[in-house]
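Please look at the structure below, together with its sequence.

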Amino acid sequence: MNVIKNLELDKIINIVKTYSTFDETKDLIDLIEPSRDKKEVERLLLEVEHARCSVIKIGRLDVFEMNVKDTIERLRVSAPLSISEIFEVLNLCDNVQRVLTYITKVQNIQIEYSELKKTFDRFVSLKNIKDMIYKVIDSDGNVLDNASLALYQIRHRIRLENQKLDIKINQLLESLASKLSDTIVTIRNGRKVIPIKVEYKNQVQGVVQGESASGQTVFIEPFQTIEIENKIESLKEEEAREVSRILYELSVNIANNYETIEEDYSALIYLDFIMSKAYYAVDIDAVMPKLSKNINIIKGRHPLIDKEKVVPNTIKLNAYKTMIITGPNTGGKTVVLKTLGLLALMTECGMLIPCEKDSEIPVFDGIYSDIGDEQSIEQSLSTFSSHMNKIVEIIDEFSIDSLILLDELGSGTDPKEGASLAISIIDHLSKFNVYLVVTTHYPELKNYAYLDENIVNASVEFDVNTLKPTYRLLIGFSGKSNAFLISERLGLRKAIIDHANEISQGFSNSSSNLMEILEKEEEKARLEREKYEALNQELNEKLRNAELEIKKDRDQLNKEYETLNNKRNSILFKAQNEADRLINEITALKKKLESNDEVSSEELSKIKKKTDNLYESKLIPKKANKHEIKEGDNVRILEYNKIGTVIKIKNGNYSVQIGSLIFNYSIDEIEYEGEFDKNKILMGPKQQFKAKQVKTRLDLRGLRYEEAQAELEKFIDDITLDNIKQVEVIHGYGTLALRNMVIKFAEESPLIKSYRPGEELEGGRGVTVMILK
């Protein structure tokens, strides 16, 4: 049974392919199929979720098309490469470098990416191969003269012979000036020739290489140049042999790195595979659902329906596993079935799904569907027979914890028999703990659902005022046909409708009367619930707006505080350096003086303490809210204006993690910043990166003045390219030479916006913090 086509997963796969860069990735996407392994599904989802977060934070991975697959195969068998194939290797080198740059950016933002890191760790820089190639070939694909000594010598001799040839040709042009039809030397058959008027052709010794279209000019290669031309041709053949030898040697050297190249290539294709699913997820506002035993898809949307037109629906099956949906034709019942089935398939394929966060969905043992009216003309089957054939297949194949979706169960035959068959099939399937969603027109199935506590009624809403479906799924409420009301709105005479009502009463029995009462109560309860939900939503919106205003005011206050604090720190930093220089002068004087009565150690200590006290008074912003703080919340440390995460609360003491460090604060020293967000998880000690290719902290201790200056200049240049806005330069507490050099650099560099001394958490006066433009 082709559930993938029936639920349109094949269309989703084709869309995801459009986001891929490489043909090999498209082939990999074509192999996507649902997995029944929960751990594997969770791994696939986390890969895409971490990729989605990186795309949102820093943008898409910028790689370009390449056609290196066949070239890698040639490397595997150590076959010589052509220039174009070598350039494909260069394309791979460049793409790998772009990936490594992207990885560095991901490492520098505080998001969870552990599952994506497994793919990141496969990449190895191919810079050595790129450098090796460019020592032999230039960017236009020409083998360089200095690729080998022999090639250099051959090409030098070719240039000399060409010079001889030019001299000889110029001499001949002068001596034969009266016989020339033109003064321009041309090429015929790869040889330089002189254009001679036809009437003089027998007066010029040489080989005729051709004549003009008019026949008035013959092109003669003079005997005087033939020997030189022959020598040049011989040298070019020698050059070609040397170039072939060089390219073969280069191919061998590249092939020696085959395993690294092949692994980078494989990792690049797989990363493109992950990113393709992530790009699609971003475009359809998809999220990672929680894998559980319950179906709770919150505001799920069918991904093939325009985002501006699709109606989100919450589909929930937990206490009950069977749902019977009723409602008018074209009301959206089938869309609900397809949405549930497609989102389930997408999840099992490792794709994020368009719904709200905190949605839940199981990994099913199997997904089966009978959706749509597909009469089989070839097999002479009616609609009923076609449906029944599929249902027979489902009953023969399904297993426990399968998801089964049946559209218009029992339709296409006598209503009484169809309803009886539908109830019997539902009874049978329900015994096996399956997740079952059925659509129907039969009122008997509504009654049946009311009598079974394991089955829930649902309906698709119909607006009787506009006579149009709203496509909203209402769980717990059975649908009504509204035939009389619709007919009246469409203009059917009232006498006919009244008579129909009388006839309908004759068909009614106690069960149908009870159903009408229940439906009225359901409608009343639904309207009350909607009223409450609308009020609740309005109150929540007002609360959110109030919190945003408070945060806006607090952010403005902190921005002003930061500006003032930076100015204060700059002034104090200069004053501190003056004080330190004075201390050093006094210390030097003390060593030189025979008597130190006037300059005691106690006096030096007092002077030092006075300079340290320059930093004791800090501008600490006031708390902007009194929000309750819980474990896992993000908080702002007021004194340092830094964000951390509360990891433990005990006896009024709050343990706050900032980066890999943990500090303790009282409630008066911190302020609620926001709920824990997994996309902004601060990396703990176990999650620190083993290798960072872009550092935001430079240690100059132990370096000589000139070495430190050069390191600082290079560090700032590199960091500017990576759009880092703040760096820390460690110069230590020792000699003032390094510190003064750093301050001078910060004041003079056009790349530095401002600077300040390090605070307690940053290393104190042994560190200078620079803010880049």
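Helices (H or I, at least four residues) and strands (E, at least two) are DSSP runs, numbered from the N terminus. This is a predicted model, in which local features need pLDDT of at least 70, side-chain atom pairs count only at pLDDT 80 or more, and totals for chains, interfaces and linings use all residues. Residues are numbered from 1 along each chain as its sequence is written, and side-chain values use heavy atoms, with hydrogens and water left out.

The structure holds 1 cavity of 30 Å³ or more. A cavity here is a set of points, on a 1 Å grid over the protein atoms alone, where a 1.4 Å probe fits but cannot get out; lining residues have an atom within 4 Å of a point. The space in the largest cavity comes to about 50 Å³, where a volume is the space filled by probe spheres set on the points, joined across faces, edges and corners. Helix 13 (residues 383-397) gives the largest share of the lining, 4 residues. Among the lining residues are Phe-384, His-387, Asp-407 and Glu-408.

Strand 8 (residues 322-326) is mostly covered, with 5 of its 5 residues buried, that is, under 20% relative accessible area with a 1.4 Å probe, protein chains only. Thr-322, Ile-324 and Thr-326 point one way from the strand, and Met-323 and Ile-325 the other way.

Strand 8 runs parallel to strand 12 (residues 435-440), joined to it by 5 bridges; two strands pair if DSSP finds at least two bridges between them. Ile-324 has Val-438 as its bridge partner in strand 12. Strand 13 (residues 455-463) is also parallel to strand 8, with 5 bridges between them, and there Ile-455 is the bridge partner of Thr-322.

How values were computed:
Buried means under 20% relative accessible area, exposed over 50%, partly exposed in between (1.4 Å probe, protein chains only). On a 1 Å grid over the protein atoms alone, a cavity is a set of points where a 1.4 Å probe fits but cannot get out, and a pocket is an open set with protein on both sides within 12 Å along at least five of seven lines; lining residues have an atom within 4 Å of a point.
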